Amino acid sequence: MKVLFACGGSGGHITPAIAMAEMLQKNFPKATCAFVGNENGMERRIALDSGYPFYPIRIEGLHRSLSFRNLRTLFLAAKAPARAREIIKEYEPSLVIGTGGYVSFPMIPAAKRLGVPTVLYEPNAIPGLSVRLTEKQASLILLQFEACAAKLKYREKAR
């Protein structure tokens, strides 16, 4: 089993992914895990310090205020799906898990298009933007809070 984790932006997205990777490897010793994230983000350092391979993807979060920086964000978001497909084809995962953050946005749809099962993990009571944008492509959505399911369009996928 090869699992690719898409996470980034904050420790709240990265820490659960590291915990899941450790749990998978403890229970399935032949499992291998790798991480995808922003090359300059904390996810790179944390994944590499934890001993996991890391694949960089250039993407950043949307700025919630009117800003010219959003033009760059949109440009990177337009390029990210091609890079996501490259990463998936290179690593050949049997599962892609997105733990939220902007990195999940290109990875989950790319995995779905390539026939790789996908899981989203939402640790918050209210689903974040990347979860709302990718829930349709997810095979399964894992929630920390049951109340979060009411805010999803594809509640039948939630556990």
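**Rings, charges and cores in a predicted model**

Reader: Which lysine lies over the face of Tyr154, and at what distance from the ring centre?

Author: Lys157 is the residue over the face of Tyr154, at 5.1 Å from the ring centre. A charge sits over a ring if NZ of Lys or CZ of Arg is within 6 Å of the ring centre and within 35 degrees of the ring normal. The charged end of Lys2 likewise sits over the ring of Tyr91, 4.5 Å from its centre. This is a predicted model, in which local features need pLDDT of at least 70 and side-chain atom pairs count only at pLDDT 80 or more, whereas totals for chains, interfaces and linings use all residues. Residues are numbered from 1 along each chain as its sequence is written, and side-chain values use heavy atoms, with hydrogens and water left out.

Reader: How many aromatic pairs does a search of the whole structure find?

Author: A pair of aromatic rings is described by the distance of the centres and the angle of the planes. Rings of Phe, Tyr and Trp (its six-membered ring) pair if their centres lie within 6.5 Å, and planes under 30 degrees apart count as stacked, over 60 as edge-to-face and the rest as tilted. Searching the whole structure gives three such pairs. One of them is Phe5 with Phe35, stacked at 5.1 Å centre to centre with 20° between the planes. This pair links distant parts of the chain, 30 residues apart, with Phe5 in strand β1 (residues 2-6) and Phe35 in strand β2 (residues 32-37). Tyr55 and Tyr91 make an edge-to-face pair, 5.8 Å centre to centre and 65° between the planes. Tyr55 belongs to strand β3 (residues 54-56) and Tyr91 to helix α3 (residues 69-91), so this pair ties together parts 36 residues apart in sequence. Strands (E, at least two residues) and helices (H or I, at least four) are DSSP runs, numbered from the N terminus.

Reader: Are Tyr55 and Tyr91 buried or exposed?

Author: Buried means under 20% relative accessible area, exposed over 50%, and partly exposed in between (1.4 Å probe, protein chains only). Both Tyr55 and Tyr91 are buried.

Reader: Which residues have the most contacts inside the largest nonpolar core?

Author: In soluble globular proteins, nonpolar side chains tend to be buried together. A nonpolar core is a set of buried Ala, Val, Leu, Ile, Met, Phe, Trp, Tyr and Cys residues joined through side-chain atoms within 4.5 Å. The largest core here has 28 residues, and Leu4, Val36, Ile57 and Met107 have the most contacts inside it. At least two residues of this core come from each of β1, β2, α3, α4 (104-113) and β6 (140-143). Five residues, the largest share, are supplied by α3.
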